[in-house]
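Please examine the structure below.

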Amino acid sequence: LTSIPDKLFPAEIQTSLHTKIFGKKIYHFDVVNSTMDIAFDLGIKGQEEGALVLAEGQHKGRGRMGRNWVSPKGKGIYLSLLLRPKLLPNEASKLTLLAGVAVSEAIRKITGLAALIKWPNDILIEDKKVGGILTELSAETDRVKFAVIGIGINANTKKSFLPDEATSLREELGEAVSRIELTKQILKDLEAFYFLFGKQGFSPIIKQWKHLSATIGRRVKVLSRKHTIEGEAIDIDSDGALLIRKDSGFIG
């Protein structure tokens with residue numbers, strides 16, 4: 001045996017993983033419509049926190065605001081992680097920022113590439129999108145029942161498969177990246193920051209997010225369903241909301 005196929009089999013991911021709860025239960029699929037749908041269904045059925053859904057490819061991978069996520073088989077990392085955090089529904093966006101920090105740190109450790117975060121959920125290298133994060137939740141008025149964090153990374157995807165504004169780790173590094181090792185590192189860093197969040201609150205996450213931000217100090221345009229805000233991004237607040245200084249000088 002001269003090499004191991006770079007497939008995200010549970011046994012490969014769990015070898016030397018050493019996490020406490022993340023990835024202890026892994027559901028691996030060849031190709032699915034979306035790992036998010038499977039993980040959400042597991043949440044409804046009572047699956048324990050830390051369960052992981054992995055797929056080699058997706059037919060209908062999705063990103064924020066219903067956008068399509070290109071998911072060619074065997075080229076990227078497509079995973080969804082089930083969490084049961086003790087949060088109010090309006091705090092769920094903190095999980096997205098936490099995941100952004102973890103994914104950026106993992107990419108830096110495995111590849112040496114200077115991954116940064118574009119608020120709220122994009123992972124960039126040299127201003128080109130290499131990854132994205134999607135958080136969905138089941139909640140009641142006063143509590144989150146469970147949340148699913150979806151992570152998509154263009155690991156070894158060819159440029160021809162990607163939108164013009166996107167790239168892959170392989171394109172930037174000039175060589176293939178081990179999807180197994182990167183997935184393991186993401187799980188390790190995710191769990192570390194998740195536990196830190198549980199013990200010390202959101203402040204240390206905000207501090208590291210600012211260090212990795214590709215947004216603060218730049219002119220931005222934030223689109224919502226109701227209106228558009230344009231100006232200079234100057235900070236994020238204690239809840240992770242982006243603070244923008246408009247051209248009028250008003251901060252919103």
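A: To begin with one face of a helix: opposite the buried side of helix 6, the exposed residues are Ser203, Lys207 and His211. Exposed means over 50% relative accessible area, buried under 20%, and partly exposed in between (1.4 Å probe, protein chains only). Helices (H or I, at least four residues) and strands (E, at least two) are DSSP runs, numbered from the N terminus. The model is predicted, so local features need pLDDT of at least 70 and side-chain atom pairs count only at pLDDT 80 or more, while totals for chains, interfaces and linings use all residues. Residues are numbered from 1 along each chain as its sequence is written, and side-chain values use heavy atoms, with hydrogens and water left out.

Q: Which residues of helix 6 are buried?

A: In helix 6, residues 203-211, the buried ones are Ile205, Ile206 and Trp209. They line one face of the helix because, seen down its axis, they fall within an arc of 100 degrees (the arc of the directions from the helix axis to the C-beta atoms).

Q: What covers the buried residues of helix 6?

A: Contact means heavy atoms within 4.5 Å. The cover includes helix 3 (93-111), strand 4 (116-118), helix 5 (179-200) and strand 9 (228-236).
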